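Open the structure in your viewer and keep the selection tool at hand. Here is a short tour, stop by stop.

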Amino acid sequence: MAVTAAMVKEVRERTGAGMLDCKKALDEVNGDIEKALDLLREKGLSAAANKAGRIATEGAVGSYIHAGGRIGVLVEVNCETDFVANTDEFKAFVKDIAMQISASNPRYVRREEVPQEDLDKEREILRAQALNEGKPEKIVEKMVDGRISKYYEEFCLMEQSFIKDPDKTIASLLNEKIGKIGENITIRRFQRFELGEGLEKKVDNFVEEVMAQTQK
């Protein structure tokens, strides 16, 4: 596959590596972007990978209120210096992440946080569903693995598609910011609140209400 400028640009944005390094990596893997990303990480040329071990204790707790006050989000995003924490670029990123959480309602920041008990339970459910669909036993496990990947994409923030640009995941957006800003950045934790969540709500029975009115 011919390597295009758009492909080089995407790899550059997702890794923060130099343009020439991105072009060379794409050439080596015949234009496969995901393999090029892996290759750059292996060679230590990815800016995000190089900065991952650096301590990030500064940052901000961002907030977002949506739908007339019905949904609220708090999210902690860390960086290395208070200088970066006070830049418009970083503040905008924190707001984007808070909006993402509001809209997509993830349960975890990353897949490593999913409790093994929950994964085992989900696997059992998915396996039973596949068998009930009449799928052959020999392909059930592969189907379950594929559906578990979808589970991660739905409930893990880092693997969700970015609401402002669905071609990017939150992980790739984060790597872009690390490459552009030049510091390690981590999304540490979040809390999402939805009005009435967890409360038992009254459900009106309009048939009974009408009948009661006619008997008066």
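The tour of this predicted model goes from a helix pair to a sheet and then to one serine.

**Stop one: a helix pair.** Select residues 5-15, helix 1, and residues 33-42, helix 3. How do these two pack? Their axes are 10 Å apart and meet at an angle of about 45 degrees. Helix 1 is therefore oblique to helix 3. The crossing is right-handed.

Now show the side chains at this contact. From helix 1, pick Met7, Glu10, Val11, Arg14 and Thr15. They meet Ile33, Glu34, Ala36, Leu37 and Leu40 of helix 3. By type, the contact residues are six nonpolar, one polar and three charged.

The three strands form an open, antiparallel sheet in the order 1-2-5. On average, neighbouring strands are turned by 10 degrees against each other, direction ignored.

Zoom in on strands 2 and 5. Find Gly72, then look opposite to Phe193 in strand 5.

**Stop three: the helix across the sheet.** Select residues 88-104, helix 6. Helix 6 lies across strands 1, 2 and 5 and runs at about 140 degrees to strand 2.

End on Ser102 in helix 6. Is Ser102 buried or exposed? Ser102 counts as buried, because its relative accessibility is 4%. Leaving aside neighbours within four places in sequence, Ser102 is in contact with Tyr64, His66, Ile71, Val73 and Arg192.

How values were computed
Residues numbered from 1 in each chain as written. Predicted model: local features only at pLDDT ≥ 70, side-chain atom pairs only at ≥ 80, totals over all residues. Heavy atoms only, no water. Axes fitted to C-alpha atoms, helices over the stretch in contact; angles between N-to-C directions. Helix = DSSP H or I, 4+ residues; strand = E, 2+ residues; numbered from the N terminus. Parallel < 35°, antiparallel > 145°, perpendicular 65-115°, else oblique. Left-handed = near helix turned anticlockwise from the far one by under 90°. Contact = heavy atoms within 4.5 Å. Nonpolar A, V, L, I, M, F, W, Y, C, P; charged D, E, K, R; others polar. Buried < 20%, exposed > 50% of the residue type's maximum accessible area, 1.4 Å probe, protein only. Pairing = 2+ DSSP bridges.
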